[in-house]
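Student: I've just opened this one and I'd like to know how the labels get decided. Could you walk me through it?

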Amino acid sequence: QVQLVESGGGLVQTGGSLRLSCEGSGRTFNSYSMAWFRQAPGKEREFVAAVPWTGTSRYADFVKGRFTISRAYAKVYLQMNSLKPEDTAVYYCAANYGRIEVMEGRMDYWGKGTLVTVSS
């Protein structure tokens, strides 16, 4: 059974930092891109960042310069700096075969999410 398990969420003050982690298991993740999405209360889930098996990562405009995605095989990390209250959301790890996709419908696997709360 394929699983993606996130960790690292929590409560942080505005301007603070958090590092999210996600570990995949149950299959090989060669040739899979891995991504982070988020869903804020009352809003639709949105793309945050993705890293391919090989190549260049991609970021949503609203996190450029603040968040960094990295990867070590089936583990993916999201370093979040300069956090803002509007970054409050459940953050989901996802994986898809092949090149980076930004549409949630293109993902093959999902984690259950980890909550990030940024207080003002």
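Predicted model: local features only at pLDDT ≥ 70, side-chain atom pairs only at ≥ 80, totals over all residues.

Student: Let's start with proline 52. Why is proline 52 called buried?

Tutor: Its relative accessible area is 11%. Buried means under 20%, so proline 52 gets that label.

Student: Where is proline 52 found, and which residues does proline 52 touch?

Tutor: You'll find proline 52 in the loop between β5 (46-51) and β6 (58-59). Leaving out residues up to four places away in sequence, proline 52 touches Tyr32, Ser33, Ser57, Arg71 and Ile100. Take arginine 71: proline 52 and arginine 71 are 19 residues apart in sequence, and their C-alpha atoms are 8.8 Å apart in space.

Student: On to the strands. How do you know that β3 and β8 pair?

Tutor: The cut-off is at least two bridges. Strand β3 (residues 18-25) and strand β8 (residues 75-80) have 6, in the antiparallel sense, so they count as paired. In that pairing, arginine 19 stands opposite glutamine 79 of β8.

Student: How many bridges join β7 and β8?

Tutor: Strand β7 (residues 67-72) pairs with β8 over 6 bridges, also antiparallel. Isoleucine 69, for instance, has leucine 78 in β8 as its bridge partner. The hairpin of β7 and β8 has 2 residues between the strands, and tyrosine 73 there takes a positive phi near 60 degrees.

Student: What is the order of the strands in the open sheet?

Tutor: The 4 strands run β1-β3-β8-β7, with antiparallel pairing.

Student: And what makes β1 and β7 stand at the edges?

Tutor: Each of them, β1 (3-7) and β7, has a single partner strand, so one side of each is left without a neighbour in the sheet. The twist from one strand to the next averages 15 degrees.

Student: Now the charged pairs. Why is arginine 99 with glutamate 101 called a salt bridge?

Tutor: The closest N and O atoms are 3.8 Å apart. The rule asks for within 4 Å, so the pair qualifies. Arginine 99 is exposed because its relative accessibility is 67%, and the cut-off is over 50%. Glutamate 101 is buried, because its relative accessible area is 18%.

Student: How does arginine 66 pair with aspartate 87?

Tutor: Their side chains meet in a salt bridge at 2.7 Å, N to O. Arginine 66 lies in the loop between β6 and β7, and aspartate 87 in the loop between β8 and β9 (89-97), so the pair ties together parts 21 residues apart in sequence. Both arginine 66 and aspartate 87 are buried. They also belong to a network of salt bridges that links Arg38, Glu46, Arg66 and Asp87.

Student: Are aspartate 61 and lysine 64 buried or exposed?

Tutor: Aspartate 61 and lysine 64 are exposed. They form a salt bridge too, with the closest N and O atoms 3.2 Å apart.

Student: How many salt bridges does the count come to?

Tutor: By this rule, 7 salt bridges.

Conventions. Residues numbered from 1 in each chain as written. Heavy atoms only, no water. Buried < 20%, exposed > 50% of the residue type's maximum accessible area, 1.4 Å probe, protein only. Contact = heavy atoms within 4.5 Å. Axes fitted to C-alpha atoms, helices over the stretch in contact; angles between N-to-C directions.
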